[in-house]
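This report concerns strand pairing and charged side-chain contacts. The sequence and the structure are shown below.

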Amino acid sequence: MPAWALRQTFHYQYASPARRLHHRLVAVPRASHGDQLLLEHSVVVKGAVARMSAQTDAFGNHVVEVVADRVDEAIEFEVWALVRQQGPGGVATVPAPFARRWDAGRLLTRPDDYLGAVAGRLQATHGGGLSFAEAACTWTHSALSYEHDVTTVATTAAEAVTGGSGVCQDFAHVMLALCRAAGVAARYVSGHMVGEGGSHAWVEVVVGSLAVALDPTHDRRAERGYLTVAIGRDYADVAPTSGRFHGDSPGVLRTTKTLEPASPSPA
C-alpha cells in the first residue's frame, strides 16, 4: 500500500519581540481516518525556548499547543508525518452518536436566503443524502471561480457567493451552507492533495454511518491522492496554524510543504 511523507514548516518573523506566545497547530494528520493510518510523526520548534503539549480534540484531531515566554525574532514549527493509505480513500465511518454534531449552525457556513433557495431547488430535483450533496458540489464549483487574495479566513459562505470567487476553504464553506440549509449532515475537511503546493479543503457528507468525501473546488470525489489532516464544522475548527501573543508588531508567516512518497524516517 502507498505511504506518504508530509513535511511542513510554519515560520513566523517578528519585527520586535513577541511575548507570551501561545500557538495552536492542527497540522499532524489524524491517527486514522477511513483507510488512512498515521504511522509516525514529529513536531520540532526552532527559534525560541518553548513548551509543547499534544491532545486530541472533540473531533478526534491531533492538536499541538506551543507556549513560549519570548520570541526575539522568529519562531518556526517543523511538522513531519508518515502516513499509509490502505485503500482508494474517499469514505470514512461515522459513529452514529456523533453524526448529529455536523448539523450545528456556524457563522461561516450559515446559509442566507439566496443559498437557502438554491438548496431548496437542488433538493426538489435531487432529494437528499448523497445525491443532493453531489449536486451541491457541482453547483458550488460553477458558482465560484478560484482566486487568491479576494477572501479571508473570516469570509462567510454567503459573502463568497456574492463575490463569486475564493479559495478552497470558500468552496467548502459554500457547499456546507447548502447542506446545512437542506438538513444534510456534512463536515469540513482540512488536508492536502498529492502534487499540490498548499493545503487544501473539501467536504465530507454524512450518509448513514459513512462520511463520503467530495471536493467542490474540483467537482469530484476526494479519493486517492487526498490526505486528510483534520475534520470540523468549518475552517475555524481546524485552522492549521493559529495563536496569539503580546507585542508591537504582527508576525509575518511563511510556509512550505512537500508531500512525497515515503522515506523511512524524517530527514
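## A contact between D72 and R70

D72 is partly exposed, its relative accessible area being 46%. In this predicted model, D72 forms a salt bridge with R70, with 2.5 Å between the closest N and O atoms. R70 likewise counts as partly exposed, at 45% relative accessibility.

## The open sheet

An open sheet is formed by 4 strands in the order β5-β6-β2-β16, with antiparallel pairing. Its edge strands are β5 (51–56) and β16 (241–246), each of which pairs on one side only. From one strand to the next, the twist averages 15°.

Strand β6 covers residues 62–71 and pairs with β5 in the antiparallel sense over 6 bridges. Within this pairing, M52 stands opposite V66 in β6.

Because E78 belongs to strand β7 (residues 74–85) and K46 to strand β4 (residues 36–46), the pair ties together parts that are 32 residues apart in sequence. E78 is partly exposed, with a relative accessible area of 24%, and K46 is also partly exposed, at 41%.

R187 and E204 form a salt bridge in which the closest N and O atoms are 2.8 Å apart. R187 lies in strand β11 (residues 186–193) and E204 in strand β12 (residues 199–207), so this pair links parts 17 residues apart in sequence. Both R187 and E204 are buried.

Definitions and conventions: Residues are numbered from 1 along each chain as its sequence is written. This is a predicted model: local features need pLDDT of at least 70, side-chain atom pairs count only at pLDDT 80 or more; totals for chains, interfaces and linings use all residues. Side-chain values use heavy atoms; hydrogens and water are left out. Two strands pair if DSSP finds at least two bridges between them. Helices (H or I, at least four residues) and strands (E, at least two) are DSSP runs, numbered from the N terminus. Axes are lines fitted to C-alpha atoms, for helices over the stretch in contact, and angles run from 0 to 180 degrees between N-to-C directions. Buried means under 20% relative accessible area, exposed over 50%, partly exposed in between (1.4 Å probe, protein chains only). A salt bridge is a side-chain nitrogen of Lys or Arg within 4 Å of a carboxyl oxygen of Asp or Glu.
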